[in-house]
Amino acid sequence: MTTPIRPEFELIADWIQPNSHVLDLGCGDGKLLTYLRDHSNVSGYGMEIDPIKNIKALEAGVNVIQSDLNSHDICDYFDKDSFDYVIMTQALQVVSRPDILLDDMLAVGKQCIITFPNFGHWRMRLQLLWNGRMPETDTLPYHWYDTPNIHMCTFNDFEDLCAAKNIEVVDRTVVNSNHQTTLGMKLLPNWLGEVALYKVQRKI
Amino acid sequence: MKNSVGIVTPQTLHVRQPLQMVSGSVLPEYDLVYETYGQLNSQKTNAILICHALSGSHHVAGYYEIDGVQSKEAGWWNDYIGPGKPIDTDEFFVVCSNNLGGCNGSTGPASINPETGKVFGPDFPIVTVEDWVNSQNELRQHLGIKQWAAAIGGSMGGMQVLQWSIAYPDAVKHALVIAAAPKLSAQNIAFNEVARRAIMTDPDFHNGRFIEMGTTPKRGLALARMLGHLTYLSDDMMGAKFGRELREGKLSYSFDVEFQVESYLRYQGEKFATKRNFDANTYLLMTKALDYFDPASHFDNNLSAALAHAKAEFLVVSFTTDWRFAPERSHEIVKALLDNDARVSYAEVESEHGHDAFLLPNAHYEGIFRAYMKRVIQHVHSQEVAAP
């Protein structure tokens with residue numbers, strides 16, 4: 001799990017209407033919400049389980065609710081369509097049931113913005129193919145035994161899940177670890193993209 | 001004395017304005033005893049109200065001087081209030097009053113009823129959380145404070161803070177509701193009832209006229225306190241502290257104190273009944289006030305509707321092993337605030353100390369408290385800049 005860096009904030013901010021109401025799941029130190037507040041006049045809440053990050057989020061002026069995403073209490077706290085956007089950056093792969101969490105997110109939010117690392121990136125494929133070992137990269141700098149990332153997927157996997165759940169992919173941006181995009185990534189995202197940003201909504 | 005507010009002296013506000021109480025009774029006039037720490041700024045925007053819990057008082061920080069000697073025991077929240085502490089007295093003017101009906105100076109059952117010239121005793125009217133907040137509002141006006149920069153309270157104090165945000169939405173900027181609940185559960189009320197029965201069935205209680213009879217229902221008070229204390233601790237904490245450790249090293253197969261935990265509980269009960277000299281009628285009144293508190297009841301049992309007009313920003317804190325006011329009870333408050341799109345933060349602090357945790361040092365709790373109070377400080381400072 002890597003901390004989202006500033007360029008990712010900009011990409012997310014581009015997808016968000018000013019003055020929206022936003023829920024940020026796994027908000028960490030609250031930097032994204034403060035960025036969105038300052039740049040797009042966004043209001044809303046963060047949810048975070050880590051006590052230290054909670055304190056940092058509070059210091060950043062974010063309204064943060066301490067919560068374990070695996071407890072699926074989002075729907076206990078918030079009614080249907082409470083938010084314009086529910087955002088979750090780099091956390092889908094650490095939760096116990098990403099598919100159920102996706103349902104929760106789409107229940108309380110009209111649209112969801114999700115970012116996650118791509119396990120289908122060529123470097124991952126090569127490490128497994130040539131070394132026969134679980135990949136370790138800058139984006140995923142963990143051993144197989146101590147990684148918090150328990151549900152790695154590829155872009156194709158995620159889009160298959162969306163199709164199966166009747167979720168519409170409204171927008172997608174594929175970037176490298178520096179949050180830049182290239183023509184190659186556009187042509188072969190699942191081979192060349194390291195991180196993807198998805199904007200999804202329920203199909204009407 | 002380091003980081004302490006030092007020697008403090010209580011003050012008394014005599015309110016001549018009659019208090020119309022929820023029960024229908026009227027107190028024609030009354031005293032409120034209170035303490036303050038720190039300095040009120042020129043615009044009177046840095047005032048913090050602390051609301052006390054069941055057996056607490058206005059003595060929230062610092063020490064008393066008795067016959068020229070500093071008292072050993074500090075105020076009940078001394079760990080969190082003082083220079084450089086989360087409630088920083090270098091920044092804030094901190095106010096805490098003894099609740100009406102209390103036994104630490106404010107008008108209560110041990111005071112003289114001006115109408116009869118005798119001690120109120122059981123004739124003191126039933127008080128509610130609403131009455132407390134209304135009387136504290138007189139103190140606010142007396143001090144010339146328009147809006148508390150924050151109202152803060154744990155347990156029963158947290159309930160008062162909730163009531164403040166409902167009854168006087170413009171008078172509270174930040175509300176810190178700690179280890180509290182929006183109303184008592186049947187189990188909570190049941191515990192209170194057992195405590196009250198312990199007091200009322202003590203032969204020294206004399207239907208509440210024990211002062212006139214020159215007695216104190218010490219056994220009842222001690223039992224009530226033992227029961228209360230038991231519910232404030234967690235099973236884990238008691239297990240860790242006492243286990244099944246024996247006082248004499250072996251079982252005596254008698255009803256004497258054998259286990260250390262029995263000895264501890266008896267000590268706590270005795271201390272409360274004798275050294276603290278807590279008024280038994282006050283104990284009855286305060287537990288009743290807790291039982292009655294239910295702001296949602298005036299809004300079709302809808303807590304969200306009860307909090308709809310609250311304007312404060314909230315911090316809600318619960319403790320993992322608190323089973324008297326469990327984290328789920330705090331969730332109810334958070335949910336109701338979220339329904340209103342209120343600005344609210346919530347923290348669930350890991351602690352082994354049960355309900356008592358809100359009074360004890362804890363790194364996460366202190367971090368959350370400190371971070372939130374920085375926000376309050378920023379707000380106070382921004383008002384200074386905004387002023388002409």
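Reply: Start with polar contacts. Across the interface of chain B and chain A, 12 residue pairs are in polar contact, both residues at pLDDT 80 or more. A polar contact is a pair of N or O atoms within 3.5 Å; within protein, one must be able to donate a hydrogen and the other to accept it, and residues adjacent in sequence count only if both atoms are side-chain atoms.

This is a predicted model: local features need pLDDT of at least 70, side-chain atom pairs count only at pLDDT 80 or more, and totals for chains, interfaces and linings use all residues. Residues are numbered from 1 along each chain as its sequence is written, chains are lettered from A in the order in which they are written, and side-chain values use heavy atoms, without hydrogens and water.

On chain B, the elements giving two or more residues to this side are helix H10 (327-339), strand E16 (344-349) and helix H11 (363-386). Helices (H or I, at least four residues) and strands (E, at least two) are DSSP runs, numbered from the N terminus. H11(B) supplies the largest share, seven residues.

Now the contact count. In chain B, 21 residues touch 18 residues of chain A, where contact means heavy atoms within 4.5 Å.

Salt bridges come next. The rule finds two across the interface; each needs a side-chain nitrogen of Lys or Arg within 4 Å of a carboxyl oxygen of Asp or Glu. Lys335(B) pairs this way with Asp79(A), their closest N and O atoms being 3.1 Å apart.
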